[in-house]
Amino acid sequence: MGTLSTPVPAERKQPSHEASRVALVGVHGFGAHHLQNLERLQANGVVRLVAVADPNPPAPGALPPGTAVFSNLDELLAGTPALDLVIVATPIQTHAQLALATLPHADLYLEKPPVASLADFNRLQEASTAAGRSVQVGFQSLGSRALLAIEELLAAGEIGTLLGISASGRWVRDRAYYKRSRWAGKRSLDGIDVVDGVATNPLAHAIATALRIAGARTVDDLAAVETDLYRANDIESDDTSVIRIRTAAGLPITCALTLCAAESAEPYITLQGSDGTAVFHYTEDRLTVSSAAGTRETVYSRVDLTEDLLEHRRSTPGPVAPLLSPLTDSGAFMQVLEAIRTAESPALIPEEYVTWEGEGDAARAVINGIEDALERSTAAHATFSELGLPWARPAVDAGRPVLSLPDGGLPGGGGEPDASDLPGASAIETDQATVVLATLQSGEGLAARLSPRPYLHPVRTLAGVKVTDHLPADHPWHLGAGFALQDVNRSNFWGGKTYTHSAGRYEERQDHGRIIERSALSGAGLLEQELSWQAPDSTELLRERRTTGSRLVDRRTWQLELRTELTAVVDSSLGGPGSNGAPGSGYGGFFWRLPACTAAEVFTLEGRGEPAVHGSASPWLAWTADFPEGPATLVFAAPDEAQDPWFVRMADYPAVGSALAWERPVELAAGDSLVRTLTVWIVDAKLSPAEVAELAASRDSAGG
């Protein structure tokens with residue numbers, strides 16, 4: 001990987017025209033940065049800082065000689081004639097009032113966010129148009145020359161078709177950060193909107209930059225904005241959030257942001273293309289492009305937005321140089337801010353999920369596992385709620401409990417447990433907590449690229465150990481336990497990239513189908529679903545009758561049975577990567593994604609370890625491991641109908657599948673059906689091979 005670095009242009013020579021007369025409102029906080037920049041520009045003869053306004057005067061010697069000092073903007077405007085430009089770098093809730101007062105007198109540089117409500121934004125637009133003034137908004141990242149390079153690489157198709165954009169930001173802020181002013185961390189102050197949250201102030205550039213890359217500038221450029229807001233700190237606003245946006249053109253943008261990370265990292269924007277990716281670290285102006293041609297990294301220079309506004313002013317009369325961050329182009333960002341402003345108040349994350357590091361005002365909140373949560377969110381374009389994080393609000397479609405124990409819980413110690421079926425839609429009662437054995441997720445709200453479909457997650461042991469995972473960052477289309485195929489008549493019902501014979505590789509294609517529940521019937525220990533497998537154009541390819549059942553075996557073991565009957569609506573070819581020519585990648589059919597675990601072992605009756613069991617046909621396969629909540633074993637029995645090869649992954653990620661089309665597709669004529677039945681024992685212990693064999697034999701002796 002090479003690095004090309006373009007140096008920042010040298011200082012401009014002293015212009016022949018008169019320096020612009022500039023005033024600065026707010027000299028502390030970010031105003032101090034503007035002071036330094038104005039000193040540089042004044043030394044270069046570009047501007048003259050004639051006045052500043054701040055109720056807290058600057059320190060002696062902090063200003064260039066001859067700069068007038070006022071306590072407020074009204075006094076400054078009354079005492080300073082012929083101003084060319086006013087820079088406003090004050091608290092968010094003051095922006096609207098100060099901007100409106102400035103526009104009759106001068107052009108305006110307004111720090112981000114421009115104002116605290118969409119109504120004020122509209123008022124400000126009208127006022128700037130009426131006054132004939134230019135307004136630049138201080139999204140400094142929009143001055144990066146990398147943005148033009150990104151526009152060019154997208155136009156050239158270097159990473160193929162743009163499928164989605166994500167923004168990830170994880171910073172650290174301590175208690176002192178929220179004590180620095182009365183307005184810090186507030187949604188409103190004295191009845192005035194502030195909206196000082198992670199997405200609207202400290203990491204607002206992440207959203208503004210993602211919107212600019214997507215070509216979303218105005219309110220009309222956005223079709224929808226969803227918010228999922230949280231706080232670990234004792235504040236009103238959000239310090240940890242997911243903002244999910246859909247542009248009018250249908251492009252998804254997901255921004256996952258926190259100020260409660262274990263350590264700060266440079267925020268970045270990811271462009272997901274059909275043939276590659278581009279990652280833009282906007283604070284460093286660093287762009288990394290990865291495609292079939294290889295990987296390249298370039299560091300770009302940045303145009304100072306104050307200079308850009310001054311150049312814009314000097315270009316009149318004559319062809320006007322467009323501003324890099326004009327007020328009108330902040331409309332899309334203001335639509336996002338408005339969604340945050342009007343959203344339900346951020347939910348407080350329970351203290352058991354937060355670790356405090358440091359003492360006193362230096363103490364900072366760290367949300368446990370937040371880094372993984374951000375990665376999962378951006379990879380799957382999912383909210384924290386949809387990920388099912390333990391501290392998140394329940395999702396709108398939070399799933400429904402489908403398998404559980406009888407009322408009264410586990411059998412008492414006086415005798416053998418009752419092996420009767422478990423009734424659905426009730427909860428396990430253990431000595432510690434209420435636990436549901438299995439929850440059915442509809443998958444309806446998932447991104448199209450994940451091939452939305454019903455699945456079981458979480459599935460738990462009797463003691464509450466979670467043994468499924470969903471939406472993992474490495475393969476966000478891995479969805480708990482269920483059935484899926486990557487190729488049904490060239491429709492992908494698995495998610496992610498598709499492996500094709502013609503290309504001989506995985507390709508990003510917009511070929512994802514979805515599986516829709518038509519009806520469901522729940523009874524004691526039994527769930528029966530009627531499902532429809534639909535191609536991207538909504539053509540029905542398969543109908544499925546899926547049956548999910550359960551049985552209590554003993555005090556540490558329960559048995560899950562999954563049966564699918566697939567009926568072809570049209571002549572159908574059921575395949576996947578293996579049948580399309582990818583050696584050893586015959587996944588498709590039954591699939592179980594496990595959560596991260598340690599000390600894992602996988603074995604069958606004949607072999608042990610991933611190389612030995614992957615691709616083998618054995619009557620059963622066992623996975624033992626230590627999971628975050630405790631040890632467990634999963635024993636998978638081969639289908640009654642056929643001993644399909646086992647698909648196993650341990651080194652890359654933890655998963656087990658029973659491969660329906662390992663090397664060749666299954667052909668079904670219209671009206672023909674295929675049946676597969678899988679049994680899984682879920683045990684609160686790490687079983688030995690002998691114990692597993694005994695458990696598997698009990699199924700045979702019980703007649704299946």
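Tutor: Two strands pair if DSSP finds at least two bridges between them. Note that this is a predicted model.

Student: Over how many bridges do strand β2 and strand β3 pair?

Tutor: In general, strands of a sheet pair through backbone hydrogen bonds, either parallel or antiparallel. Here β2 (residues 20–25) and β3 (residues 47–53) pair in the parallel sense over 6 bridges. Within that pair, V22 stands opposite L49 of β3.

Student: In what order do the strands of the open sheet lie?

Tutor: The order of the 6 strands is β4-β3-β2-β5-β6-β7, with parallel pairing. β4 (68–70) and β7 (135–137) are at the edges with a single partner strand each, so one side of each has no neighbour in the sheet. From one strand to the next, the twist averages 20°.

Student: Which strands does helix α1 lie across?

Tutor: Helix α1 (residues 31–43) lies across β2, β3, β5 (85–88) and β6 (107–110), and runs at about 150° to β3. Helix α3 (residues 95–102) also packs on the sheet, where it touches β2, β5 and β6. The direction of α3 makes about 165° with that of β6.

Student: How are two packed helices described?

Tutor: By the angle between their axes and the distance between the axes. Helices α7 (residues 204–213) and α9 (residues 331–341) pack at about 130°, their axes 9 Å apart. That angle makes α7 oblique to α9. The contact is made by A204, I207, A208 and L211 from α7, with A332, F333 and V336 from α9. These residues divide into 7 nonpolar, no polar and no charged.

Student: Is T306 buried or exposed?

Tutor: T306, in helix α8 (residues 305–314), is buried, because its relative accessible area is 2%, and buried means under 20%.

Conventions:
Residues numbered from 1 in each chain as written. Predicted model: local features only at pLDDT ≥ 70, side-chain atom pairs only at ≥ 80, totals over all residues. Heavy atoms only, no water. Helix = DSSP H or I, 4+ residues; strand = E, 2+ residues; numbered from the N terminus. Buried < 20%, exposed > 50% of the residue type's maximum accessible area, 1.4 Å probe, protein only. Axes fitted to C-alpha atoms, helices over the stretch in contact; angles between N-to-C directions. Parallel < 35°, antiparallel > 145°, perpendicular 65-115°, else oblique. Contact = heavy atoms within 4.5 Å. Nonpolar A, V, L, I, M, F, W, Y, C, P; charged D, E, K, R; others polar.
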